[in-house]
Amino acid sequence: MEAFYEWFRQLYESTGWNLVFMYDEYERDRLLAAVWVTIKLSLNCLIFSLIVGVVGAWAQGAKSAIVRNGVYWYIQAFRNTPPLVQILFFYFVIGNLLPTYDAGGYREQYIGAFGWAVVSLSFFAGAFNVEIFRSGIEAVPTATVEAAEALGYSRLKAYIYIVMPLAFRVSLPALNNNLVNLVKTTTLAYVIAVPEMMYTANQMWSDNVNVPEMMIVLFIYYVGLVAILVYFMHRWERSMKIPGYGG
Amino acid sequence: MFKKLLATVATLALALTFGIQAASAGGNDRLMKVLERGKIVIGVKADYKPWGFRDSSGKLVGMEIDMARDVADALGVELELVPVQSSNRMQFVQQGKIDMMIATMSDKADRRKVVGIVDPNYYTSGTNVLASKKAGLKKWEDLKGKPVCGKQGAFYNKGVSQKYGAKIVAFVGNAEAKQALKDGRCVAWVYDDSSIMADLASGDWDDYEMPMVTEDDTPWGLAVPVEERDKLFGRFMAGMTYEWHSSGRLIELEKKWGIQPTAYLSDMHERMKAYAPK
């Protein structure tokens, strides 16, 4: 294994291509940790934004005007502001308003940078998901919904058993799009010092002055991560195909 | 129609070849471009008080901005200032976005391979931390396992983290890092001792102190493009720096901006004082 790593040091010395995370153990550990943090961050954001989307789409059809208006203003707030501004706002402004505990010379927050990144990005992508699910829900024929009502389904039960399964199939392509965007938007967490790929690559190229190499690694990593996500989403889409309803 | 297209492409190619031949100026391309344009673009810091920062009207001011103005006056060109960060200042010089930079950069061997740092150096600083008095930190080893705020791109982040086991939490700019320190997200802020001293002197940081012994005293270097370091541009900047030391201009600027007088500058002034024939 050592010989394999040493080859990269030779590569640096002979050609100037500095893949420092191969031959330096400290950098290697840093990069591997970052790979996992990015995957964790992406998974957390994907799951929570889907939950927000499903709940929000149901709340959009609620009887209470307060709930309906609440969802409307939530979408306006999180869709119309840049995600970077949202992350900074959550971390520096809202984070300050919450209680803290003493951790020996400094006050530790209960929700750290990673937590705030997940919260902020989930709300951001969730706002888009609500609208995406709404487009699917509106594709379900009203006659079907009325039939469900006639059969005695409550609004919630009809949503879970009838409307959502039909709506989901229609909204999958747009949802795919949004989830891919979400995975790429997780790079914004670097401004609040979440040790994910973008942040770690930035640190590494500042320490080792190998900007082009790190940029290529970053590029390959995100292309690979998004490719995996798209592959699974496509399999899901194909499994939900109904002949006569779209390609 | 095809004949016309061929003719245009051929003329263009010919024109380009002549153009390229005319542009080569014996390795002094960047400086020649500056003189032709009548404008020099210098990268400076916008968040490092008082070397480069924004005053209340948003204008870039500071000791390094005054030095940049001296350079532009000596060349007889207009000055354009571009704010840079530790993580992109060298890349901007490489790409040609700025012609040179005076941006509180520490002179390191691997940086000399990327940009043309000229000798002599113009300032110096070491690494220290700004820590809350309540934390009671006395020595570097006390930082083990504790979160320490830093700035992305600083060369000592890795050293502090490896040598003393501190958990570096690096932000994009000094403002975010200092805000995180104030919010209590970390126990100390690691940065240059010169900047920390300026902050402590400003009065906003009365509950904080600089408790450690300054480490890694490293002189600062201003930089021109690496290909022109040993040509006219680099030699000119070396001359400027020599003049700044020998005439006492840097000591005068240090006083103007309220920086604590350093032994480094008075030393350099003594060494380079000009012989004044009677």
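Q: Where is the place of Thr104(B) in chain B?
A: Thr104(B) sits in the loop between β6 (100–101) and α5 (109–112) of chain B. Keep in mind that this is a predicted model.

Q: What is phi for Thr104(B)?
A: Phi is about 50° there, a positive value, although Thr104(B) is not a glycine. For background, most residues other than glycine have a negative phi.

Q: And is Thr104(B) buried or exposed?
A: Thr104(B) is buried, because 24 other C-beta atoms lie within 10 Å, and the cut-off for buried is 20 or more.

Q: What about phi of Asp216(B)?
A: Asp216(B) is not a glycine either, and its phi is positive, near 55°. This residue belongs to strand β13 (residues 215–220) of chain B. With 14 other C-beta atoms within 10 Å, Asp216(B) counts as partly exposed.

Q: Staying with the backbone, which residues does the cis peptide bond with omega of about -10° join?
A: That one joins Lys49(B) and Pro50(B). Pro50(B) is in the loop between β2 (47–48) and β3 (52–54) of chain B. There is also a cis bond from Asp119(B) to Pro120(B), where omega is near 0°. Pro120(B) is in a loop as well, between β7 (115–117) and β8 (123–132) of chain B.

Q: Switching to chain A: how many helices and strands are there?
A: Chain A has 10 helices and two strands. Starting from the N terminus, the order is α-α-α-α-α-β-β-α-α-α-α-α.

Q: What is the radius of gyration of chain A, and what would a compact globule have?
A: Chain A comes out at 23 Å, while a compact globule of 247 residues would be near 18 Å. The C-alpha trace spans about 75 × 50 × 30 Å along its principal axes.

Q: How much of chain A is made up of buried residues?
A: Buried residues account for 32% of the 247 residues in chain A. As for contacts between residues at least 6 apart in sequence, 72% join residues at least 24 apart.

Q: Let's talk helix packing. At what angle do α6(A) and α8(A) cross?
A: Helix α6 (residues 113–138) and helix α8 (residues 155–185) of chain A cross at roughly 150°, and their axes come within 8 Å. That angle makes α6(A) roughly antiparallel to α8(A). The crossing is right-handed.

Q: Which residues meet there?
A: From α6(A), they include Leu121(A), Ala125(A), Phe128(A) and Ile132(A), and from α8(A), they include Val163(A), Ala167(A), Phe168(A) and Leu182(A). By class, this contact has 13 nonpolar, six polar and no charged residues.

Q: And how do α4(A) and α6(A) cross?
A: Helix α4 (residues 65–80) of chain A crosses α6(A) at roughly 125°, with the axes coming within 9 Å. The two helices are therefore oblique to each other. This crossing is left-handed.

Q: Which residues of α4(A) meet α6(A)?
A: They are Val71(A), Tyr74(A), Ile75(A), Phe78(A) and Arg79(A), and among their partners in α6(A) are Phe123(A), Phe124(A), Phe128(A) and Glu131(A). The contact divides into nine nonpolar, no polar and two charged residues.

Q: Now the two chains together. How many residues of chain A are in contact with chain B?
A: 17 residues of chain A are in contact with 26 residues of chain B. On the chain A side, the elements that give two or more residues are α5 (83–97), β2 (107–109) and α9 (197–208).

Q: Which of them gives the largest share?
A: That is α9(A), with four residues. By class, the side of chain A that touches chain B has seven nonpolar, eight polar and two charged residues.

Q: How are Glu237(A) and Trp7(A) separated?
A: They are 230 residues apart along the chain, and their C-alpha atoms are separated by 44 Å.

How values were computed:
Residues are numbered from 1 along each chain as its sequence is written. Chains are lettered from A and ligands numbered from 1 in the order in which they are written. This is a predicted model: local features need pLDDT of at least 70, side-chain atom pairs count only at pLDDT 80 or more; totals for chains, interfaces and linings use all residues. Axes are lines fitted to C-alpha atoms, for helices over the stretch in contact, and angles run from 0 to 180 degrees between N-to-C directions. Angles under 35 degrees count as roughly parallel, over 145 as roughly antiparallel, 65 to 115 as roughly perpendicular and the rest as oblique. A crossing is left-handed if the near helix is turned anticlockwise from the far one by less than a right angle, and right-handed if clockwise. Two residues are in contact if their C-beta atoms, placed from the backbone, lie within 7 Å. Ala, Val, Leu, Ile, Met, Phe, Trp, Tyr, Cys and Pro count as nonpolar, Asp, Glu, Lys and Arg as charged, and the others, Gly among them, as polar. The radius of gyration is taken over C-alpha atoms; the globule rule is 2.2 Å times the number of residues to the power 0.38. A residue is buried if 20 or more other C-beta atoms lie within 10 Å of its own, exposed if 12 or fewer, and partly exposed in between; C-beta atoms are placed from the backbone.
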